[in-house]
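I opened the model to look up a few things. My notes follow, entry by entry.

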Amino acid sequence: MSATPTDLGEAPPAPVRTGAVVPVLASAGITVALMQTLVIPLVPELPRLLNASAAGTAWAITATLLAAAVATPIMGRLGDMYGKRRMLLISVGMLIAGSVVAALSSSLVPMIAGRALQGLAAGVIPLGISIMRDELPSEKLGTATAQMSASLGVGGALGLPAAALLAENFNWHTLFWLSAALGAIVFVLVVRFVPESAVRSGGRFDVPGGLGLSIGLISLLLAISQGADWGWTDGRTLGLFALAVVALLTWGWWERRTSEPLVDLRTTARPQVLLTNLASMVFGFAMFAMSLVLPQLLQMPKATGFGLGQSMLASGLVMGPSGLIMLVAAPFSAKISKTRGPKVTLMLGALVVAAGYGVGSVLMSSVWQLVLVSLLIGAGIGLAYGAMPALIMSAVPVSETAAANSFNTLMRSIGTSVSSAVAGVILANLTISLGGYTLPSQSGFRVVLLIGAGAALTALAIASFIPTRRAEAPVAMEAEVAARA
């Protein structure tokens, strides 16, 4: 039975307004997701702004990716052990600190440090979902977790036009001061409205497991993100892939033998959890094609014959509605999951995304067509992202909710990273020449979109094998109620 604050010798928490929990946590998720697209408008200018090489400034994005990959599973496990709200506040605090460091930077090293600190806040979304499971009544949980899960896509979609607008009209440091201010507001709201859960697993943190997973993930994602620049047969790339394999196999061996693992591999090996994570990884691969292809098509010069010649701001405004449609889709995701099961919702979301990419491979000659494509894909993402945490939480003990959701978020991120590398290779090899410059060709964009459709259909196929466990729902609910008592 889970320990309560009284059992631990602590004062019971002050009453909180649980009605505010969902909007506060969703706002936290959107704020953290904004960090992913915050610097995109600055990328072409960063070498000049920081007096550094283009290869060096690319680390402003890579550092965030690597830090997020490490932080997500670790903060999830720490949340289960020591309190999800506490770890949520620490994560938001790192976002604020990173934003301030980046805002004060005028050279490469502090910028990379600031962006890495921002990446360490990535655990906010799985932690928020886990807090919702602990605090909300069952009839509200589905819609709430769907909204929280969708906030990852919402923040990314809305961040691009906002960042482009600020970058075009204000000093670039304003982007980071604004993110620090948003983080501070979220921090205060979490302190005021989000309770600390009494559901804690306790125990001792698995330091070897944390180090092993961190080494494996950093090696893998660094090889994936830098492989195109270094060369896929370069010694650094191959060496990092080899290190990733050795580190992750060693980590897996350790996790199965330690009594208090960072990730309980026996739980993740359950068919429902394993297949949901695999589908999430493939779905993450599918999702990123939209973010990579549509903005480039919008900004490509009209002289190419297929580019639409739009500004960065206009491009962001075209992509923005996809974030809003994700929020709109979240309640529908919860409703479908309640009546037909989250497995059906995930499959439907994957099918809608595949249809969106299929339409996009044909309709790409005008702005309204790309708006339509982004809305279709955004709706599918909203449906699928709402189903993933429901599938995970129905198959894991309440004491492992944060760790399990964090691992699922990590799987999506790995899929997205692989998608970026694959799409980059395709677009680098299918090119045209214009005015002495080499640009991706229309056929290259079409191939990436079709691969995105294929990945979504693959996620659909994997999801179809997820076992339906309706018979265990009452047992799971009874256990959850007992854990909260």
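**Helix spans.** I take helices (H or I, at least four residues) and strands (E, at least two) as DSSP runs, numbered from the N terminus. The expected span of a helix is 1.5 Å times one less than its number of residues. I checked α16 (residues 367–393): its 27 residues should span 39 Å, and the end C-alpha atoms are 40 Å apart, which agrees. I then checked α7 (residues 124–135): its 12 residues should span 16 Å, and the end C-alpha atoms are 16 Å apart, which agrees.

**Ground rules.** This is a predicted model, so I note that local features need pLDDT of at least 70 and side-chain atom pairs count only at pLDDT 80 or more, while totals for chains, interfaces and linings use all residues. Residues are numbered from 1 along each chain as its sequence is written, and side-chain values use heavy atoms, with hydrogens and water left out.

**Confidence.** pLDDT is the predictor's confidence in each residue, from 0 to 100. The protein averages 84, and 93% of the residues score at least 70. Residues 1–16 stay under 50; the model gives them 22 contacts (heavy atoms within 4.5 Å) beyond four places in sequence. Residues 470–485 are also below 50, with 15 contacts beyond near neighbours in sequence. Where pLDDT is low, the predicted coordinates should not be read in detail.

I call a residue buried under 20% relative accessible area, exposed over 50%, and partly exposed in between (1.4 Å probe, protein chains only). How many residues of α7 are buried? I find 11 of the 12, so α7 is largely enclosed by the rest of the structure. Among them are Pro-126, Met-132, Arg-133 and Asp-134. Helix α16 is mostly covered, with 19 of its 27 residues buried.

**Ser-406.** I found Ser-406 in helix α17. Its relative accessible area is 0%, so Ser-406 is buried. Leaving aside neighbours within four places in sequence, Ser-406 is in contact with Thr-72, Pro-73, Gly-76 and Pro-126. Pro-126 is one of the buried residues of α7. I also looked up Leu-375: it is 31 residues from Ser-406 in sequence and 27 Å away in space, C-alpha to C-alpha.

**Leu-298.** Leu-298 lies in helix α13. At 0% relative accessibility, Leu-298 counts as buried. Beyond four places in sequence, its contacts include Leu-308, Val-318, Val-367 and Leu-370.

**Thr-267.** Thr-267 sits in helix α12 (residues 265–268). Thr-267 is buried, at 5% relative accessible area. Its contacts beyond four places in sequence are Val-273, Val-396 and Glu-400.

**Asn-51.** Is Asn-51 buried or exposed? Asn-51 is exposed, with a relative accessible area of 73%. I place Asn-51 in the loop between α2 (46–50) and α3 (54–57). Asn-51 has a positive phi of about 55 degrees although it is not a glycine. Most residues other than glycine have a negative phi.

**Cavity.** On a 1 Å grid over the protein atoms alone, a cavity is a set of points where a 1.4 Å probe fits but cannot get out; lining residues have an atom within 4 Å of a point. Grid points are joined across faces, edges and corners, and a volume is the space filled by probe spheres set on the points. I count one cavity of 30 Å³ or more.

Note on methods: 1 Å grid on protein atoms, 1.4 Å probe; cavity = no way out; pocket = protein on both sides within 12 Å on 5 of 7 lines; lining within 4 Å.
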